[in-house]
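Q: Please take a close look at one chain of this model, describing how it is built and how it meets its partner.

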Amino acid sequence: MRRQFKDTTFDLATRDEKVVIVLGDISHFLFMPLQEKFPTRVYNMGICENALISVAAGLSAQGFHPFVHTINPFLTERCVEHIKDDLCYNQFGANIISTGASFDYAWDGATHHCYGELAILRLLPGMEVTQPGNRQELDTLIRSQYNNGRPTYFRLSDHGHTLDVPVKFGRANILKDAGSKLTIMTAGPILGNVMEAVQDLPVNLVYFSTIKPIDREVIERFKHTKILVVHDAHGLQEAIHEVPDLSVSYHGLPDRFCVWYGTVHDIRKQIGLDPAGIRQAVQSRLATIR
Amino acid sequence: MAAMTPFCREIRRNILTASRTSGHGHIPTSFSVIEMICAAYDTLRHDPKNPQWPERDIFILSKGHAALGLYAVLAQYGYLPVEELKTFGAFQSRLGCHPDRLKVPGVEVSTGSLGHGIGVAAGMALAFKIAGSPRRVVTLIGDGEANEGSVWESIMIAANLKLNNLTVMLDFNRSQVRSLQIPNPAERFQAFGCDTMDVDGHDLEALKAALIRPAETVKAIVARTIKGQGCPTLAHNVFEWHRKSPKPEELEHLMKELEVA
C-alpha cells in the first residue's frame with residue numbers, strides 16, 4: 001500500500017502544484033524520485049512528529065494540500081493533541097498517512113503496534129478517518145479526499161486484502177446479504193481473513209473503508225439483525241454505535257498488550273483473528289441466534 | 001530601559017480596565033509582551049480594514065495565554081473596538097482567554113496549548129517560500145513555552161530549511177525560574193541554528209530594528225522583558241497576579257503606577 005501511496009501522490013503532485021509531501025524520515029528512498037522532480041514540494045523533515053503536524057497545518061493555512069507520513073503510533077497516538085488543535089480546531093486540512101497498521105510490525109513489539117488510533121481520531125470534531133483495505137481502495141480514497149480542506153486520516157497496511165471492492169468515501173459495501181439474523185461488520189485489510197472465514201456461512205457481511213463518517217444508512221438496514229464486529233483495531237465498533245438500539249458484539253482485540261513478536265499472521269492467530277479463529281467466533285455467535 | 005510610549009501605555013490601561021470589567025486576568029504576561037506585539041505590527045505588512053488581505057504578513061501569538069495583550073494591541077491598531085475588550089472571557093464574547101482565529105479579526109492561528117503556534121508558523125513560512133512569496137511570519141513564544149519539545153522540533157525544522165522569512169520572538173520574562181528556566185536562551189537558539197539577537201523587550205525601536213534586520217536563516221529575538229512591566233505591584237507579585245482581576249481600589253492603584261512608568 002505504501003508503494004501505491006507513492007504512485008498516487010506522484011500523480012497528484014504532477015497535476016496539482018499545491019500537493020506537498022512531509023516525511024518523518026520514513027519512506028525517504030521511496031519518495032526520492034518525487035523529491036528530485038519536485039524539490040520544493042517533498043521534504044524529509046526528520047523524526048519530530050508533533051512539529052510535522054503543526055507544519056502541515058501551516059502549509060494548509062496558506063492553501064497547500066500537505067501529506068504527512070511516518071510510522072503509525074508516532075504520527076497518530078503521539079500527535080493527538082497537535083491534530084486536535086492545529087488541524088481540527090483551527091479547521092486547517094491535511095492528509096495524515098500512517099504506515100504500520102495494527103500488528104504489521106509484529107516483530108518490533110508493542111511500541112510499534114498501533115490499533116487504537118482509528119477510535120481516538122474519530123473523536124475529533126471535523127476529522128475524517130479512513131481504513132483502506134488494499135492499494136486500489138487507498139488510491140480511490142486519497143483521490144476523493146486529499147484536497148477538501150479537512151483533516152483526513154489514511155491508514156496504510158503492508159498486508160492488504162486481495163478482494164476487489166468498489167469503495168467510496170463514507171459508504172459501506174454490502175458484500176453479502178443472505179437474509180441472515182447475523183451480520184458481520186468489518187473494516188480494512190482483515191476483510192481477507194473474514195471473507196475466508198464466513199463465505200460459506202449463512203451470515204450477512206458488511207465492509208467499511210471509512211470509519212468517520214460512518215455509513216449509518218447501511219447500518220440501519222441491518223438494525224434488525226444481531227451484529228458481530230470483527231476488527232483488528234478499535235474504532236469500527238464504536239462508530240457503529242452511532243446508530244442507536246443495536247445489538248452488537250465484538251470479536252477483536254484483547255484488553256492487554258500483545259507482547260509477542262513474529263509476524264502479523266502469528267499475532268492474528270494468537271488472538272483469534274486468523275480465518276479459523278474468526279470462523280469459530282462467528283459459528284459460536286450463530287449458535288446463540290438459531 | 002527605554003521609556004514606555006504613550007501608545008503602549010494606553011494599551012496597558014485598556015488591559016487593566018478589561019481585566020477589571022471581565023473578572024479575568026493574565027495581566028502580567030500580557031504586560032510583558034506589549035512592545036513585542038506592537039513592534040511586530042509596526043514592521044509587518046497588514047491592513048486592519050482588510051484582515052484577510054492576501055498579501056499580508058503573519059503574526060502568531062504562540063503563547064496564547066497572553067491573548068488579552070494581543071486583543072488590546074489589535075484594538076489599538078483598529079482590528080476591533082476598544083470597548084469590546086470589556087467582554088473578555090464572557091460567554092458570548094469573541095474574545096476568549098486564548099485566541100480563536102475563527103472569531104477574532106487579526107488572529108491567524110487559534111492557540112492556547114503551548115508549543116503549537118511556532119510549528120504552524122514554520123509551516124506558513126515554508127508555504128511562502130514554496131510559493132515564491134515575500135510574505136513573512138513572526139511568532140511570539142514564552143519562556144515557559146520553550147520547555148516544550150515541539151518548540152525545538154519546529155526551530156530545528158526552520159533552521160534546516162533556512163526559513164529566513166520566519167522570526168521567533170522569545171518573551172524572556174524569566175517566569176520559569178520556578179521550574180525549568182533556560183538560563184541563556186540566546187545560546188540555545190544559536191546552538192539550534194538561528195540567527196539570534198538579544199534585545200530589551202520593552203524597547204520598541206530596538207525590537208523593530210531587530211525585526212527588520214535581514215537574515216540568512218530563521219531569526220530568533222530574545223526579548224528581555226519584565227512580567228507586569230509598567231506596574232511594580234504586578235512585577236513584584238507575579239504569582240499572586242498571574243490570573244487575578246483587580247478590585248476597584250487595586251485598579252486605581254495600578255493605573256497610578258502605570259502613569260509614572
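A: Of the 261 residues that make up chain B in this predicted model, 52% count as buried.

The secondary structure of chain B consists of nine helices and five strands. Read from the N terminus, these elements follow the order α-α-β-α-α-β-α-β-α-β-α-β-α-α. Along the principal axes, the box filled by its C-alpha atoms is roughly 55 × 40 × 30 Å.

The remaining part of the picture is the side of chain B that touches chain A. Here 21 residues of chain B are in contact with 24 residues of chain A, two residues being in contact when their C-beta atoms lie within 7 Å. Two helices of chain B, H4 (117-131) and H5 (149-160), each contribute at least two residues to this side. The largest share is that of H4(B), which provides 10 residues. By residue class, the side of chain B that touches chain A comprises 12 nonpolar, seven polar and two charged residues.

How values were computed: Residues numbered from 1 in each chain as written. Chains lettered and ligands numbered in written order. Predicted model: local features only at pLDDT ≥ 70, side-chain atom pairs only at ≥ 80, totals over all residues. Helix = DSSP H or I, 4+ residues; strand = E, 2+ residues; numbered from the N terminus. Buried ≥ 20, exposed ≤ 12 C-beta atoms within 10 Å, placed from the backbone. Nonpolar A, V, L, I, M, F, W, Y, C, P; charged D, E, K, R; others polar.
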